[in-house]
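Dear colleague,

Please find the structure below for your review. My notes on the findings follow it.

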Amino acid sequence: MAPLHPAPELRRKHRRARLRTLAFLSPWLVGFSVFFAYPLLATVYFSFMHYNQIQAPTFVGLRNWKYVLGQMPLFGPALWNTLWLVVVMVALRVVFGLGIGLLVTRIKSGVGFFRTAFYLPYLAPPVAATVAFVFLLNPGTGPVNEILSTIGVSAPNWFNDPAWAKPSLVLLSLWGIGDLMVIFMAALLDVPKEQYEAAELDGAGAWSKFRYVTWPSITPIVMFAVVTGVVQTMQYYTQALVAGKLASGVSVGPGSSIQPGYPDHSTLTVPQLVYSLGFQNFNTGAACVLSLVLFAIAMAVTSLLMRKSAGLQTAED
């Protein structure tokens with residue numbers, strides 16, 4: 001019978017094991033603490049303060065929350081625009097990305113050309129892509145409206161029309177669909193060919209093969225695209241701000257500020273409102289409240305989608 005280790009030696013062994021584990025976890029712990037935990041706690045703290053980034057913050061209780069949730073006139077339109085973009089933009093991006101991925105994987109020749117052609121717009125920087133898109137859709141001089149006029153179609157005002165501004169942003173996002181195309185192509189090419197062959201032997205058509213073979217195999221990738229798309233669209237800022245500025249024709253120089261949301265606050269999103277409150281109006285407390293509201297909505301939607309994804313995978317198994 002082997003002798004038992006003395007208690008002090010066993011404790012030292014456990015302590016070394018814990019220290020070794022903490023050493024391996026330290027990069028993640030530092031990153032989580034510095035880039036997530038501290039900013040989140042600071043945001044919660046400043047949401048109860050009056051702070052203009054110059055003077056010391058003073059405690060005001062729930063005044064910022066009451067102002068944002070009950071008195072701020074632009075909170076409703078900004079939240080509606082953000083949720084509209086989340087629902088419409090994410091859904092269409094997933095559908096178009098999957099459709100283009102299916103199309104490219106079915107092409108027999110010229111696959112490299114089409115794959116490159118669809119992926120290149122995604123590589124364009126967001127500001128440059130938005131500038132080019134606003135130029136193409138300019139109601140007065142844009143080539144798109146000129147082409148539509150030649151064929152007798154009444155062209156809309158795109159970014160200058162409140163009813164068409166958000167759909168124009170959706171078109172801009174579909175133009176850069178290359179990222180989802182590549183992800184879906186990888187998922188589609190990973191589906192076992194034996195399953196397609198078995199389905200063909202059973203007399204399955206194109207739709208049946210997609211429904212019973214392709215879709216169950218790529219469901220986790222689709223949910224990944226939806227969840228990441230929701231998180232990204234909740235932070236939608238650059239394209240809407242640049243498009244509104246260019247469409248309005250306002251010349252911005254040093255010391256001037258941009259009022260986001262042109263036209264008629266139809267492209268105003270919650271991240272734009274956060275920036276406007278915090279860095280243009282120096283109302284840091286209200287900006288922190290908006291950030292927390294956006295964070296809570298994003299977490300709730302993401303949790304719901306993850307639960308639905310887990311339920312679908314369990315049902316398929």
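Which element gives the most to the nonpolar patch? Helix α1 does, with seven residues. This is a predicted model, in which local features need pLDDT of at least 70, side-chain atom pairs count only at pLDDT 80 or more, and totals for chains, interfaces and linings use all residues. Residues are numbered from 1 along each chain as its sequence is written, and side-chain values use heavy atoms, with hydrogens and water left out.

The surface patch consists of Leu19, Leu22, Leu25, Trp28, Leu29, Phe32, Phe36, Phe295 and Met299, with about 850 Å² of accessible area together (Shrake-Rupley method, 1.4 Å probe, only the protein chains shown counting as cover). Patch residues have over 30% relative accessible area and no salt bridge, with nonpolar side chains (Val, Leu, Ile, Met, Phe, Trp, Tyr) joined within 5 Å; a salt bridge is a side-chain nitrogen of Lys or Arg within 4 Å of a carboxyl oxygen of Asp or Glu. Two or more residues come from each of α1 (7-46) and α13 (284-316), where helices are DSSP runs (H or I, at least four residues) numbered from the N terminus.

Helix α1 has a kink of about 55° at Leu25, shortly before Pro27; the bend is the angle between axes fitted to the seven residues ending there and the seven starting there.

Trp28, Phe32, Phe36 and Phe295 also form one aromatic cluster (ring centres within 6.5 Å, using the six-membered ring of Trp; planes under 30 degrees apart are stacked, over 60 edge-to-face, the rest tilted). The whole structure holds 14 aromatic pairs. Phe48 and Trp65 are tilted, because their planes stand at 35°, with centres 6.2 Å apart.

Kind regards

Definitions and conventions
Patches are made of residues with over 30% relative accessible area and no salt bridge: like charges are joined within 9 Å, nonpolar side chains (Val, Leu, Ile, Met, Phe, Trp, Tyr) within 5 Å.
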